[in-house]
Amino acid sequence: MIPAKGYAAQSAQTDLAPWDFERRELNPHDVQFDIQYCGVCHSDLHQIRDEWGGAIFPMVPGHEIVGKVVAVGSHVKKFKVGDIAGTGCLVDSCRTCDNCKDGLEQFCLNGMVGTYNSIGKDGVPTQGGYSNTIVVHEDFVLHISDKLDLAGAAPLLCAGITTYSPLRHWKVGKGHKLAVLGLGGLGHMAVKFGVAFGAEVTVLSSSPEKEADAKKLGAHQFVLTKDEAQLSAARGRFDFILDTVSAPHDINLYMALLRRDGVHICVGVPPTPYQLNAFSLIGGRKSLVGSLIGGLPETQEMLNFCAANNIVSEIEMIDIKDIHKAYDRMLKGDVKYRFVIDLATL
Ligand code: NAP
Ligand code: ZN
Ligand code: ZN
């Protein structure tokens, strides 16, 4: 086994702390890469607190992982030692079901294996990127262009693909009015992609101090959701709302901002169920839909799109010992716009 060290939660009630564990020896198709940077996703916090249920402890979170390849298995074709590599939210799936064959491994009918808080095919719990090194099957490792700032590229592996994928799926672009609800890690990437795809983008935010940043990110308009006058002035305006909010919120309020046939896309995962009023759907023939990260081919497509268009995440680099300070700020919506851990500080 390969010795590894990371930061783990031992239970839903305990803080993350240093923890020594092991990675598997490389199988013929495995790639080992040493982790340089790992983004901090709100899903990390939901899961270490067991807000979605079924959490597996000890848990090393982190699924926005980038670094340099240090070893490859004997049959690996896609990578060589020294390459820049990344892994997102998935590390395995069956590869034979209809969804896997369509490149939608996140919907694997036989159960995808998450990068952490999941049980691997070998029966061992998976552990994520708040750690020094990782071993992943080459099918689930992505190439990252050396044109991109590596720390800024890390969040593309979850925040990037989670917002790119639904915008592509629902063909959001020129002629569309897109609203991004919540300007955090996912939200700010949604603004960048929405603008790059040619949509007119409005940020719907509960934080007045984010207005200037929203405009800097390319948003055309800003609506302060706490201001009832601003909210009602935006009624019936949008073709799409991309909802990235992590906390419980009243989606009926926002669905009223959609035009006829408008689509409310949920990507945020609040810990409690949405309360949906049927009138929010029937008045204006609206749709409520959702999207989960993205498959491997689309993740590579997104990374290539980012390299071609010079898109990375806006980041605040942190020392791993400050992870709880980062979580506290995340809970207050004070993220500008993704914390990224420098694993050299481990
Ligand atoms: P984040 O950086 O913390 O951003 C969430 C934003 O939501 C905040 O910055 C804030 O924006 C807004 N917000 C927070 N509390 C709010 C409240 N009480 N009322 C209204 N707005 C509030 O989180 P993230 O990493 O972007 O993740 C967002 C959500 O997506 C999480 O639930 C995460 O688990 C989920 N997620 C889903 C997928 C998927 O595949 N579907 C993938 C990754 C993450 P403002 O200050 O602008 O209001
Ligand atoms: Zn994530
Ligand atoms: Zn499958």
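## The four-cysteine zinc site

Let's start with ligand 3, a zinc ion coordinated by the SG atoms of Cys-94, Cys-97, Cys-100 and Cys-108, at 2.3 to 2.4 Å. Please keep in mind that this is a predicted model. The angles among the four donor atoms run from 103 to 121°, and the site is tetrahedral. Along the chain, the donors of this zinc ion follow the spacing C-x2-C-x2-C-x7-C.

One residue in this stretch deserves a look at its backbone. Most residues other than glycine have a negative phi. Arg-95, which is not a glycine, has a positive phi of about 70°. You will find Arg-95 in the loop between strand 6 (90-92) and helix 2 (98-101).

Cys-41 and Cys-158 link distant parts of the chain, 117 residues apart. Cys-41 sits in the loop between strand 3 (30-39) and helix 1, while Cys-158 belongs to the loop between helix 3 (150-153) and helix 4 (159-169).

## Around ligand 1

Now for ligand 1, which has 29 residues around it; His-42, Ser-205, Ser-206, Ser-207 and Arg-338 come nearest. Oxygen atoms of the ligand take part in several polar pairs. One lies 2.8 Å from a backbone N or O atom of Leu-186, and one is 2.7 Å from a side-chain N or O atom of Lys-210. At Ile-293, a polar backbone atom is 2.7 Å from an oxygen atom of ligand 1. On its own, ligand 1 has 920 Å² of accessible area, and the protein covers 90% of that.

Helix 1 (42-48) and helix 5 (185-196) are the elements that give two or more residues to the shell around ligand 1. Helix 1 gives the most, with three residues. By type, the shell divides into twelve nonpolar, 15 polar and two charged residues. Domain 1 (2-158 + 294-345) and domain 2 (162-290) each supply at least three residues to this shell.

## Cis peptide bonds

The bond from Phe-57 to Pro-58 is cis, with omega near -5°. Pro-58 is in the loop between helix 1 and strand 4 (65-72).

Lys-336 and Tyr-337 are also joined by a cis peptide bond, with omega about -15°. Here Tyr-337 lies in the loop between helix 11 (323-331) and strand 17 (339-342).

Notes. Residues numbered from 1 in each chain as written. Chains lettered and ligands numbered in written order. Predicted model: local features only at pLDDT ≥ 70, side-chain atom pairs only at ≥ 80, totals over all residues. Heavy atoms only, no water. Near = heavy atom within 4 Å. Polar contact = N/O pair within 3.5 Å; in protein donor to acceptor, adjacent residues only side chain to side chain. Areas by Shrake-Rupley, 256 points an atom, 1.4 Å probe, with all protein chains shown as cover. Helix = DSSP H or I, 4+ residues; strand = E, 2+ residues; numbered from the N terminus. Nonpolar A, V, L, I, M, F, W, Y, C, P; charged D, E, K, R; others polar. Domains from an automatic or database assignment. Donors = N, O, S within 2.8 Å, 3.2 Å for Na, K, Ca; no water. Tetrahedral: all angles 85-135°; square planar, octahedral: opposite > 155°, others 65-115°.
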